[in-house]
Structure formats: structure tokens, C-alpha cells
Amino acid sequence: MKERLQSIKEEALQQIEDVKDSKTLQDLRVKYLGKKGQITEVLKGMGNLSKEERPVIGQLANEIRDAITEALDTKQETLEQAALQQQLKEETVDVTLPGKPSQVGGSHLLMNVIRDIEDLFTGMGYEIAEGPEVETDYYNFEALNLPKGHPARDMQDSFYITEELLMRTHTSPVQARTMNKHEGRGPVKIICPGKVYRRDTDDATHSHQFTQIEGLYVDENIRMSDLKGTLNTLAKHLFGEDRHIRLRPSYFPFTEPSVEMDISCKVCNGHGCSVCKHTGWIEMLGAGLVHPNVLEMAGFDSEKYSGFAFGMGPERIAMLKHGIEDIRHFYTNDVRFLKQFHQV
Ligand SMILES: [Zn+2]
């Protein structure tokens, strides 16, 4: 029996020595020390031994059991350490590798232009007003002195939803809506930025959808000189203190008199070049004094109140400011184009 136990010990220690993974090690633990393990099997034969032999064999069996247990525990620890080292090696982070650049967004160039103009006018006491993009025929045309059948309606062909509903062709309906809310009492001092729609064939300078900013100031004793001063401030703010403006007579159904505002060409300083078509001036926006019919229809006494209005296109301003040659760049969402202006 002694020899049997000794050989079990040698065999076990050798096998434990050779083990490469903890699963096999666990199997060995069961094989030698388990309830049905080899040592237990041997000890079952203790009954056949003499009284003198029993304690000797018992002690030997315990010693062998302890030796195997220790060998198993040591091996297990070694395997765990090795596994940990392996894991640490595999999960090493190379901090010298370049990181993934994170994409930083920015606001659209048109939004930048609109916010810049909003800032200027709110600083002069204007409020920002907004209105619906699906508009009634009344607010889009009739309230602005464009009754049904008026020939000037042809200049603003639109997308009609019904006979009386359309996609607004300009931001001017917001004027009429805001004046109505004031119930005939001034002052009304607003700018209205927003999207507008026209049935146009898209090309480098036309789009079926674009943006406008409308301005309106109605109060007692508002005169042409107030309009000119405001537009002068706007032009200098947008294009620099050295710009000049000029007003040319024009026609809009909702203003009387009506003007077009030009700014002096920055490229040639007013001497004439290809940018300004050799005139020294660049067309900027339309404006005028609010037509008495428009005031009356909005419930204002045109004998007491007067006002001015102007409308401009943020696209045109951005194109002039940054030398953009095609209006379609604003809407096609080419990030290479858009991100040039994130910091503008
Ligand atoms: Zn020029």
C-alpha cells in the first residue's frame, strides 16, 4: 500500500507539473483528491491492515494529500498569474498612437448672416418676428396692396396648396400679421427672417427656396431719411465702414416711394470692374416707405402713422461677402463648402 501511495504521489506531482491550463488542473484535483479520487480509493483498503500499520499508512496518506494539495494550489496561482500577465500584454494601450479626431459642427453660413443682422437690429431696438411658411393669399398678397389680378403678382409665382393657400413668396406677410396684432398703435419695429418659396428654375442665382429678412418700422413721423440712415448703418455693418450707399427709384406694390439700395463696389472702390459690371455699384436690397393702403388695411391711420420697410436676401449678402458664385452651394450640404464658414 505504501508503494501504491508513493507512486500516486509521483504520478500526481508530475502531471501537475506538466499542466498548462486551469481546466486540466481542476480535473487533476478531482482525479487525486476527490471523493472517488485515487487516494480515497487506496484508503478504502485500510480495513485489511494491522493495528500497527494503520496509523503509519494514515499519516503517509495525509502527507501525500497535503503535498498534492500544495502542488495544485501553487500551480493554480502560477497559471492565474500567467493569464493576468497575458491579458495585460494584450490590452496594452499605445498612448503614442494618434487619436480619432472628433468632428466639430458649426452653424450654416446663412444662419451666421441672419444672426449677425438680427444682432445689429435688436441693438437698435427691433424685435424679431416670425410667421408661417404656408400663408394665406390675403396676407401674402392682398394685405400688401396686391389684390387678386394685380399684374405684379406675376413677379412672384408660387407653389399653391389651394386657391387661397400658398407657400409664402416673401417674408412681407409677417409685416401685415404683426401690424394687425398692434391694433393701430405704434411703434412697430420688427425684423422677420425666414424661408420663402417661388416657382423659379434653379440656376446659379435662382432657387425655388431661399431666405429673406424683412424689416419694418412704423411710427409717427417716420421719413425717408430714417430709412436711408438705417440702410447706411446696415451696409457699413455688413461690408465695412468705407462702403457708400445710393438709393435708386424702383417699384414695389407695398411701398411708395420705393427704392433699390446699391453699395459701392469693394473690389474697385467705385471705379468700375467686372464684379460691379463696370458701374462701381452693386445692387443690395429693395426698400421704401410703407404704402398708405398697407397701413390702412392693417388698421393703422395713414394720416398719423408712416413707416419704412426693406427686404434683403441673406444668400446675396453671403455671396457678395465671401465671393460665392453659385446660390445652390447653400442648399446642397457639401460639408467641404460649409465648413469653410464655420468660424465666420
Ligand atoms: Zn467694382
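## The zinc site

In this predicted model, the 4 donor atoms around the zinc ion subtend angles of 106 to 115°, which makes the arrangement tetrahedral. The zinc ion is held by the SG atoms of Cys-265, Cys-268, Cys-273 and Cys-276, at 2.3 Å. Along the chain, these donors follow the spacing C-x2-C-x4-C-x2-C. Two of the coordinating residues, Cys-268 and Cys-273, are buried.

Lys-277 lies in the loop between β7 and β8, the latter spanning residues 281–290. The phi angle of Lys-277 is near 55°, a positive value in a residue other than glycine. Lys-277 counts as exposed, at 70% relative accessibility.

## Backbone features

Most residues other than glycine have a negative phi, and most peptide bonds are trans. Against that background, several places in the chain deserve attention. A cis peptide bond joins Glu-256 and Pro-257, with omega of about 0°; Pro-257 belongs to strand β7, residues 255–264. Another cis peptide bond links Gly-186 to Pro-187, where omega is about -5°. Pro-187 is placed in the loop between α7 (173–181) and β4 (188–197).

Asn-221 has a positive phi, near 60°, although it is a residue other than glycine. Asn-221 is found in the loop between β5 (209–220) and α8 (224–239). With a relative accessible area of 61%, Asn-221 is exposed.

## Helix α7 and its surroundings

The buried residues of α7 are Pro-173, Val-174, Gln-175, Ala-176, Thr-178 and Met-179. Among the elements that cover these residues are the strands β2 (134–136), β4, β5 and β9, together with the helices α6 (137–140) and α9 (292–297). After α7 comes Glu-183, whose phi is positive, near 50°.

## The contact of α5 with α10

Two packed helices are described by the angle between their axes and the distance between the axes. For helix α5 (residues 109–122) and helix α10 (residues 314–322), the angle is about 100° and the axes are 9 Å apart. That makes α5 roughly perpendicular to α10. On the α5 side, the contact involves Leu-109, Leu-110, Val-113, Ile-114, Asp-116 and Ile-117; these meet Pro-314, Glu-315, Ile-317, Ala-318, Lys-321 and His-322 of α10. By class, the residues of this contact divide into 8 nonpolar, 1 polar and 3 charged.

Asn-112 is also placed in helix α5, and is buried, with a relative accessible area of 16%. Between Asn-112 and Glu-315 there are 203 residues of separation in sequence, yet their C-alpha atoms are 11 Å apart in space. Glu-315 is itself buried, as are Pro-314, Ile-317, Ala-318 and Met-319 in α10. The cover over the buried residues of α10 includes α5 and α8 as well as β5, β8 and β9 (305–312). Gly-323 follows α10, and its phi is positive, near 65°.

Helix α1 (residues 2–18) and α2 have axes that come within 10 Å and cross at roughly 170°. That makes α1 roughly antiparallel to α2. Ile-8, Glu-11, Ala-12, Gln-15 and Ile-16 of α1 form this contact with Leu-25, Leu-28, Lys-31 and Tyr-32 of α2. Its residues comprise 6 nonpolar, 1 polar and 2 charged.

Helix α2 (residues 22–33) also packs with helix α4 (residues 53–90): their axes come within 10 Å and cross at roughly 170°. That makes α2 roughly antiparallel to α4. From α2, the residues Ser-22, Leu-25, Leu-28, Arg-29, Tyr-32 and Leu-33 take part, meeting Arg-65, Ile-68, Thr-69, Leu-72, Asp-73, Lys-75, Gln-76 and Leu-79 in α4. The contact of α2 with α4 has 7 nonpolar, 3 polar and 4 charged residues.

Definitions and conventions
Residues are numbered from 1 along each chain as its sequence is written. This is a predicted model: local features need pLDDT of at least 70, side-chain atom pairs count only at pLDDT 80 or more; totals for chains, interfaces and linings use all residues. Side-chain values use heavy atoms; hydrogens and water are left out. Axes are lines fitted to C-alpha atoms, for helices over the stretch in contact, and angles run from 0 to 180 degrees between N-to-C directions. Helices (H or I, at least four residues) and strands (E, at least two) are DSSP runs, numbered from the N terminus. Angles under 35 degrees count as roughly parallel, over 145 as roughly antiparallel, 65 to 115 as roughly perpendicular and the rest as oblique. Contact means heavy atoms within 4.5 Å. Ala, Val, Leu, Ile, Met, Phe, Trp, Tyr, Cys and Pro count as nonpolar, Asp, Glu, Lys and Arg as charged, and the others, Gly among them, as polar. Donors are N, O and S atoms within 2.8 Å of the metal (3.2 Å for Na, K and Ca); water is not among the atoms, so sites may look incomplete. Four donors count as tetrahedral if all angles lie between 85 and 135 degrees; four count as square planar and six as octahedral if opposite donors are over 155 degrees apart and all others between 65 and 115; anything else is irregular. Buried means under 20% relative accessible area, exposed over 50%, partly exposed in between (1.4 Å probe, protein chains only).
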